[in-house]
Amino acid sequence: MRKYLLLAFLPLSFTLHAQNVEFSKDRFGSDKDGLKAALREIKEGDEWYLSDPARYEQALPHYLAAQKFNPDNAQLNLKIGDAYLHSGAKPQALPYLQKAYKLNPDVDRRIHYLLGRGLHLNAKWAEAIAEYKTAQAATTGKNPPVSLTDIRKKITECENGQKLQQRPSRVFIDNAGPSINSPYADYGPVISADESVILFTSRRDNSTGGQKDPETGGFFEDVYQSTRNSAKDKWSAARDLGQPVNTDGHDATVGLSPDGQRMMVYAEDNGGDLHEADLRGTVWRKPQKLGSRINTKYHESSAAYTPDGRSLYFVSDKEGGLGSRDIYKIELEGRTQAQNLGSVINTPYGEEGVFLHPDGKTMYFSSEGHNSMGGYDIFKSVFENGKWSTPENLGWPINTPDDDVFFVISASGRHGYYSSVREDGLGSKDIYLITFLGPEKPPVLSQEDQLLASRAQPVKETSLAPPVPIATAQVTIMKGTVTDDVTKQPLEATIDVIDNTRNQTIASFRANAQSGRYLVSLPSGVNYGIVVQQDGYLFHSENFDLPAGAAYSEVVKDIALKKLDVGVKVVLNNIFFDTGKATLRKESTNELERLQKLLTDMPDLRLEISGHTDNVGKAEYNKDLSQRRAKAVVDYLITKGVDKGRLTSAGYGDTQPVSTNQTKAGRQLNRRTEFKVTGK
């Protein structure tokens, strides 16, 4: 996640010509003013460097100013290197640490450990291991400068890095561009499932409070938003959300629902707590603190919604965990306490930056444990057969020897986003787009005749390497707008997601109040009924029967709701019959109950239930089948107490198509059950 410098490794068997130069009048008597200014810079730097807690980034500019005056002081170079190791540009520490050692091999008891860190952060694995092993000798005796446990872990990280770099991930990593990034620090991106919206945290000079953090010297954090024009594949200029989301203090976004309508914000109160804000139209409401089952007196730092919006994964360092920071899961509307995800996910070290893919089963998170190559690395785990799989390191170059945290990925699985410090950056930290290329395709053998000198006849080569598909997520995204059928004005409708097999509502969402836009994530393996409802309108239903393993798809479905009026027709997309039969399948129950409720709530409503087929088969057979199916629906409603005088049934066969019968999709639309309002 950090900027990697192609630094030439300086051998540690230095010549005798290196000489430490003190800041003294004897050495700089001819430039007393310059010496005085340099000593003043060192003093100011030391005040930050030696403070509790140390303020390394504030110390750096002072030390660097003094180093320009005298570049050959071992102690100053060591402090610069140490400060860089605690900054956002850690790899830049190496040349200063190498110079400090060259000037004085005894400059600090930690020097070999620090050299190991500098080499480690520049992915010089073997050299770093050598320095770490040398540093082990300093861990004997009382008050060792570095713990042996820490050194051993760093050696293991380097060994992991060596292995992972030898088989790099096939990805492109590109700067997200000036519409999103700025000359300041931009980080912590979260996205909607379809990548139409991105929110992130930035420390720009136009922050809501306009003030700087006295501890870090940088501007306070604010939340920014950008939207993507899918036609042009470009992001709009990021805008500060302003109040009430952003305050005069630190405000950082840490989670976004797949539909982009709910956001989680981190605020520095009560040790660090999570808040939730809702989007109403184009305005984000004031974030409300989540309950005490989530927030504690400890530090809750990041969180992710499940696709149904009913549960939350979050990170906390509260007591009772397995490591310094752990990942937990909690049902938002339940009463039970949050559950630790256990030792498969959580380690004795820190976990952070949890994100759940819209497929509902693939989790991405960062960890200092597992087979990290240094700091936090990003891992992937899949929940299958009631347990989480062993976390998989996303590999080099996505992960680096420095901290790699707060990674999110689109529903398609094609694009990921995170922040990094790289050579093409626009500021101290930028947001980057990761494009996953999938496994490499084996070379295709030529189909041309190959003539061997030892043979009189050419050899026919017809063996071709099979194509390598790019794995996609097992989820379908349904999105569009909800409007009034007549006025075309957007509606803030409720969208219920039904598991037809279990006859159970598994999620509920609302379309945006101003635009009518909605987005629903549908993990594969379920027969879904989608029901759109708004007061004063007839309901609208859709069906998505997604078998287990169904690949990613994106369906745009604009829905026009109809007001109750005589002659209005509504298709019942979740009424199911077996092929060639008129027996209602159990998956139809929820739709039938919805129709029954409509008739109960409106006692004067009268309906015609009609059946329709495609044109495959004989017309007489189709008409009879459609009539029997319509009557089956009427009979069900009568058994549930609906007056039979309010219902009629009709079978129209293939005489009223709503689409072409020349395609499979068209024929499927024509095979339908619908109702028509005949009186109210």
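Author: Gladly! Contact means heavy atoms within 4.5 Å. Helices (H or I, at least four residues) and strands (E, at least two) are DSSP runs, numbered from the N terminus. This is a predicted model, in which local features need pLDDT of at least 70, side-chain atom pairs count only at pLDDT 80 or more, and totals for chains, interfaces and linings use all residues. Residues are numbered from 1 along each chain as its sequence is written, and side-chain values use heavy atoms, with hydrogens and water left out.

Reader: Which residues of α7 meet α8?

Author: From α7 come W125, A126, A128, I129, Y132, K133 and A135; they meet I151, K154, I155, E157, C158, E159, G161, Q162 and Q165 in α8. That contact has 9 nonpolar, 3 polar and 4 charged residues (Ala, Val, Leu, Ile, Met, Phe, Trp, Tyr, Cys and Pro count as nonpolar, Asp, Glu, Lys and Arg as charged, and the others, Gly among them, as polar).

Reader: At what angle do the axes of α7 and α8 cross?

Author: Two packed helices are described by the angle between their axes and the distance between the axes. Axes are lines fitted to C-alpha atoms, for helices over the stretch in contact, and angles run from 0 to 180 degrees between N-to-C directions. Here α7 (residues 125–135) and α8 (residues 148–166) cross at roughly 165°, their axes coming within 9 Å. The two are therefore roughly antiparallel (an angle over 145 degrees).

Reader: How do α6 and α7 pack?

Author: The axes of α6 (residues 111–121) and α7 are 8 Å apart, at an angle of about 165°, which makes α6 roughly antiparallel to α7. Among the residues in this contact are Y113 and L115 of α6, with A128 and Y132 of α7.

Reader: Which residues lie nearest the centre of the second largest pocket?

Author: N573, Q668, L669, R671 and R672, out of 43 lining residues. β29 gives the most to this lining, with 5 residues.

Conventions
1 Å grid on protein atoms, 1.4 Å probe; cavity = no way out; pocket = protein on both sides within 12 Å on 5 of 7 lines; lining within 4 Å. Parallel < 35°, antiparallel > 145°, perpendicular 65-115°, else oblique.
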